[in-house]
Amino acid sequence: MNSGGSWATGAAPEVQGKDGEKHQVHSALNPSFVAESRTTIKVYARCLRPDIEYKTLSITFQTTCREVVTSLLNKYRMRHRDPNLFYLTMEVTVRKAELYSQLLRLIPGVRTVLVLDEDARPAVLQSCHPRGDSRFSLQMRHGGLVKIYDSVLMSGSQYKSLLISDRTTVDELIQILLSCYNSKERVEQFSLYEVCRSQEYQRKLHPDDCPLNVQHCWSSSNEFHFLIRRNLDFRPRRKGPWTPELPSIPSTSRQNESATPQQSSLERETQNKSSSSSSSSTSYADYENYFYI
């Protein structure tokens with residue numbers, strides 16, 4: 001048992017139910033109630049702006065740290081900020097055992113800072129410690145500046161410079177750009193290209209590539225830049241249920257019954273030729289990874 005947690009003192013965490021009243025619940029006895037209940041956490045977010053000391057959020061016990069970061073960026077309308085640049089830390093006061101409870105007034109607790117994973121749940125972690133013994137803070141990682149020519153998204157825009165993380169993918173970067181322009185278009189409609197002026201080529205990046213890592217491999221930033229293009233061959237997925245292709249049913253008409261064996265063999269040869277030509281055309285790649293201007 002954790003001596004500094006609320007379970008050691010016998011006090012269960014308080015959560016706010018749907019009726020608006022606070023209840024003391026035990027997650028082991030009623031896990032469904034805890035999952036649907038809400039509580040509040042205080043996040044110190046001075047790294048966003050100097051005038052922001054902290055922000056109080058109402059979250060559930062299933063809310064992750066990633067969702068908390070996204071909620072903070074949305075509340076302050078920072079659509080141009082990369083969520084991968086931010087993470088949460090939890091500062092915990094580790095107290096002594098109850099045998100030395102009377103000496104706590106003279107000996108302060110030891111404070112430990114924990115770096116939380118994206119999938120960690122702040123409400124669950126907070127419930128394991130008494131009020132005042134834990135504190136959440138928003139921290140910022142080091143990133144890099146990338147320049148993307150995005151006139152395809154906004155005709156009056158030439159390029160946009162964004163500060164992103166080294167683990168931000170191409171799809172995540174395109175999503176940030178779409179959020180900057182309040183666009184409702186899908187990420188799959190666009191692709192990011194690496195353009196080299198001296199060698200006059202453009203390379204289409206994979207959706208899982210990290211643009212900042214690609215930029216680190218450039219010999220000179222003046223010769224390379226990123227360009228976003230629209231996928232002309234984009235086809236939206238069908239919203240209806242998928243139905244498998246059914247095998248063809250042989251016809252029993254009199255015309256097919258009266259066909260000669262020579263005609264049927266000719267039909268088979270034409271079908272084999274058409275199937276071989278279609279298979280050879282589909283085997284060709286949809287696009288070349290490199291193409292020259």
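Trainee: Hi! Where does T56 lie in this predicted model?
Mentor: Hi there! In this predicted model, T56 sits in strand β4, which covers residues 54-60.

Trainee: And is T56 buried, exposed or partly exposed?
Mentor: T56 is partly exposed, because its relative accessible area is 44%, and that value falls between the 20% limit for buried and the 50% limit for exposed.

Trainee: What is T56 in contact with, beyond its neighbours within four places in sequence?
Mentor: Setting those neighbours aside, T56 is in contact with T40, I41 and K42.

Trainee: How far apart are T56 and K42, in sequence and in space?
Mentor: They are 14 residues apart in sequence, and their C-alpha atoms are 4.4 Å apart in space.

Trainee: Okay, helix α5 next. Which of its residues are buried?
Mentor: Helix α5 runs over residues 170-180, and its buried residues are V170, L173, I174, I176, L177 and L178.

Trainee: What do the buried residues of α5 pack against?
Mentor: Their partners are the strands β8 (144-149), β9 (160-164), β10 (190-196) and β12 (224-230), together with helix α6 (211-216).

Trainee: What happens just after α5?
Mentor: N182 takes a positive phi there, of about 55°.

Trainee: Let's jump to R197. Where does it lie?
Mentor: R197 is in the loop that links β10 and β11, the latter being residues 201-204. Leaving out neighbours within four places in sequence, R197 is in contact with Y149, N222, E223 and H225.

Trainee: How far apart are R197 and H225?
Mentor: Their C-alpha atoms are 8.5 Å apart in space, and the two are 28 residues apart in sequence.

Trainee: Last topic, confidence. What pLDDT does the chain average?
Mentor: The average is 76, and 63% of the residues score at least 70.

Trainee: Where does pLDDT stay under 50?
Mentor: One such stretch is residues 22-29, for which the model has 21 contacts beyond four places in sequence. Another is residues 278-293, with 15 contacts of that kind in the model.

Notes
Residues numbered from 1 in each chain as written. Predicted model: local features only at pLDDT ≥ 70, side-chain atom pairs only at ≥ 80, totals over all residues. Heavy atoms only, no water. Helix = DSSP H or I, 4+ residues; strand = E, 2+ residues; numbered from the N terminus. Buried < 20%, exposed > 50% of the residue type's maximum accessible area, 1.4 Å probe, protein only. Contact = heavy atoms within 4.5 Å. pLDDT = per-residue confidence, 0-100.
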